[in-house]
Amino acid sequence: MAQAHSFYEEPKEKTVMDIDKLRSELEADEGCKYEIYLDHLGFKTFGIGYLCTEWDEEYDFELGTPVSEERVAECFDKTVKQCVKDCNVIYPNFDKLPEEAQLVLANMSFNLGYHRLKNFKKLQASIVDENFSLAADEMSDSKWARDDVPNRANRLIERMKVLNGSIQS
């Protein structure tokens, strides 16, 4: 017997992202330095791509000043948690995306920060629609991909492209 078509869709299950995998990917992309250094934009940074702000004790430290492993780990953990929270704000369906999409977007969030990532409006729309091919195109069509971190961006773009065949319904 044919079943009546329903427009109701069962909600997708929450996808739990492997935070350790994200941390490994970020450490590979960012590198790790246990001292104060200038990033590619000239900002004081330490650890695994941690940008010093005026609220950090390290903000007034001289370049080359050592930073402890404990402090690097503390700041990295705090930043990873924040970038995942930011993704949940920018992408309302973040927790229901395939893990690979979550990893790519969290990596972008770590690299760009909330304010820059939220300005990728067409990327946001394509992610909400789970159109990963279009999302990859929107990622490509950016200063971030062309000028800022082209190698990293291209790796993340390729990972996003592969997802188009993995949409779960």
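## A salt bridge to start with

Let's open with a pair of side chains: aspartate 148 and arginine 116 form a salt bridge, and their closest N and O atoms sit 2.6 Å apart. The aspartate belongs to helix H7 and the arginine to helix H4, so this contact ties together parts that are 32 residues apart in sequence. Arginine 116 comes out at 36% and counts as partly exposed.

Keep in mind that everything here comes from a predicted model.

## The rest of the salt bridges

How many salt bridges does the count come to? The total is 14. One of them joins aspartate 56 to arginine 71, with 3.4 Å between the closest N and O atoms. Aspartate 56 is in the loop between E3 and H2, while arginine 71 is in helix H2, so the pair links parts that are 15 residues apart in sequence. Both aspartate 56 and arginine 71 are buried.

Arginine 146 and aspartate 141 also meet through their side chains, in a salt bridge at 3.7 Å from N to O. Aspartate 141 has 58% relative accessibility, which is over 50%, so it counts as exposed. There is a network to look at as well: Asp29, Glu30, Arg152 and Arg155 are joined into one by salt bridges that share partners. As for the general idea, side chains of opposite charge can pair when their charged atoms come close.

## Overall layout

Zooming out, the protein chain has eight helices and three strands. Reading from the N terminus, the order of elements is α-β-β-β-α-α-α-α-α-α-α. The chain has 169 residues, and 38% of them count as buried.

## The largest pocket

Now for the empty space. Rolling a probe the size of a water molecule over the atoms shows where such space is left. The largest pocket has a volume of about 840 Å³. It is lined by 28 residues, and those closest to its centre are Gly49, Leu51, Phe110, Asn111 and Gly113. Two or more lining residues come from each of these elements: helix H1 (19–30), strand E3 (50–51), helix H2 (69–90), helix H3 (99–112), helix H4 (114–117) and helix H7 (143–148).

Which element gives the most to the lining of the largest pocket? That is H2, with five residues. By residue type, the lining of this pocket splits into eleven nonpolar, nine polar and eight charged.

Phenylalanine 43 is placed in the loop between strand E1 (33–38) and strand E2 (44–47). With a relative accessible area of 46%, phenylalanine 43 is partly exposed.

## Contacts across the sequence

A few residue pairs show how parts of the chain come together. Aspartate 86 is in helix H2 and, at 11% relative accessibility, counts as buried.

Alanine 101, in helix H3, has a relative accessible area of 0% and is buried. How far from the C-alpha of alanine 101 is that of arginine 159? The two are separated by 8.0 Å, although the residues are 58 apart along the chain. Phenylalanine 120 lies in the loop between H4 and H5 and is buried too, at 15%. From phenylalanine 120 to isoleucine 90 it is 9.7 Å, C-alpha to C-alpha, for a pair 30 residues apart in sequence.

## A backbone angle worth checking

Last stop: glutamate 130. What is the phi of glutamate 130? The value is positive, about 55°, although this residue is not a glycine. Glutamate 130 is in the loop between helix H5 (121–128) and helix H6 (132–140). With a relative accessible area of 12%, glutamate 130 is buried.

Note on methods: Residues numbered from 1 in each chain as written. Predicted model: local features only at pLDDT ≥ 70, side-chain atom pairs only at ≥ 80, totals over all residues. Heavy atoms only, no water. 1 Å grid on protein atoms, 1.4 Å probe; cavity = no way out; pocket = protein on both sides within 12 Å on 5 of 7 lines; lining within 4 Å. Points joined across faces, edges and corners; volume = space filled by probe spheres on them. Helix = DSSP H or I, 4+ residues; strand = E, 2+ residues; numbered from the N terminus. Nonpolar A, V, L, I, M, F, W, Y, C, P; charged D, E, K, R; others polar. Buried < 20%, exposed > 50% of the residue type's maximum accessible area, 1.4 Å probe, protein only. Salt bridge = Lys/Arg side-chain N within 4 Å of Asp/Glu carboxyl O.
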